[in-house]
Amino acid sequence: MTTVTTRTVEYPADGLTMIGHLALPAGVGRRPAVLVGPEGTGLNDFQRRRADALAELGYVALAFDIHGGRWFTDPEEMLARCMPLLADPDRMREIGHAALDVLRAEPRTDPDRIAAVGYGTGGAIALELGRDGVDLRAIGTINALTTGRPGEAARIRCPVWAGVGSEDPIMPPAQREAFTAEMQDAGVDWRLVVYGGALHAFHHPPVDQTVRPGVGYHPRHAQRAWSDVVDLLAECLPVTE
């Protein structure tokens, strides 16, 4: 395990002061970098540890904020914030670009080697960066099979990997088909992994909050999904000395 340095970064986006978590690997040279987008509930310690784990692998990692430092425990309050956001690609892009600017400004970041990985709402934001033509090396999403405005997926310039639980009522088969059709029609290098028996947010351990029906943790698939994300980065954004 390498020594990881972390710090909090504040930056404006979506009319809020976002509070992100930056994790730096050992050393002093430039490294490939990863944006890490949180679930709709917001950025918490679990997602911060994802950035730390990527830094241990040698990446500069920024777990970005989407709610101005808030983390929602009430699902209805979270949906009231997220549903309008998910319906507005330009707002999602603004949030994503603001975080990307912070990551690019970090001296340890190699600005030509950046990937975006996101979960739920954070994954939708990662996809919108791709649809906006951002030069990313890879996009990885879990529980974020969102479709974009017609024709914009053709701007995606990197491989896209997506994971979803087979029993996720929020991302049902019809939505999977719409997403894969969009990627295929746009000529994107895409992959979709369906994790059998898994619900929505299957990757996130239980927390002390109200849980909506159809949401549940699946520890075996959570580990598999993380391994798939790491493999995507190893393929598309290898860490080299």
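Biologist: What does the accessible surface of the chain come to, and what percentage of it belongs to carbon and sulfur atoms?

Modeller: This is a predicted model, in which local features need pLDDT of at least 70 and side-chain atom pairs count only at pLDDT 80 or more, while totals for chains, interfaces and linings use all residues. Residues are numbered from 1 along each chain as its sequence is written, and side-chain values use heavy atoms, with hydrogens and water left out. Accessible areas come from the Shrake-Rupley method with a 1.4 Å probe, and for residues only the protein chains shown count as cover. On that basis the surface comes to about 10,200 Å², and the share of carbon and sulfur atoms is 52%.

Biologist: What percentage of the contacts with a separation of 6 or more is accounted for by residues 24 or more positions apart?

Modeller: A contact means heavy atoms within 4.5 Å. Among contacts in the chain with a separation of 6 or more, the share from residues 24 or more positions apart is 68%.

Biologist: Is Asn143 buried or exposed?

Modeller: Asn143 has a positive phi of about 60° although it is not a glycine. Most residues other than glycine have a negative phi. Buried means under 20% relative accessible area, exposed over 50%, and partly exposed in between, with a 1.4 Å probe and protein chains only. Since its relative accessibility is 2%, Asn143 counts as buried.

Biologist: What is the relative accessible area of Ala201?

Modeller: Ala201, a residue other than glycine, also has a positive phi, near 55°. Ala201 is buried, and its relative accessible area is 13%.
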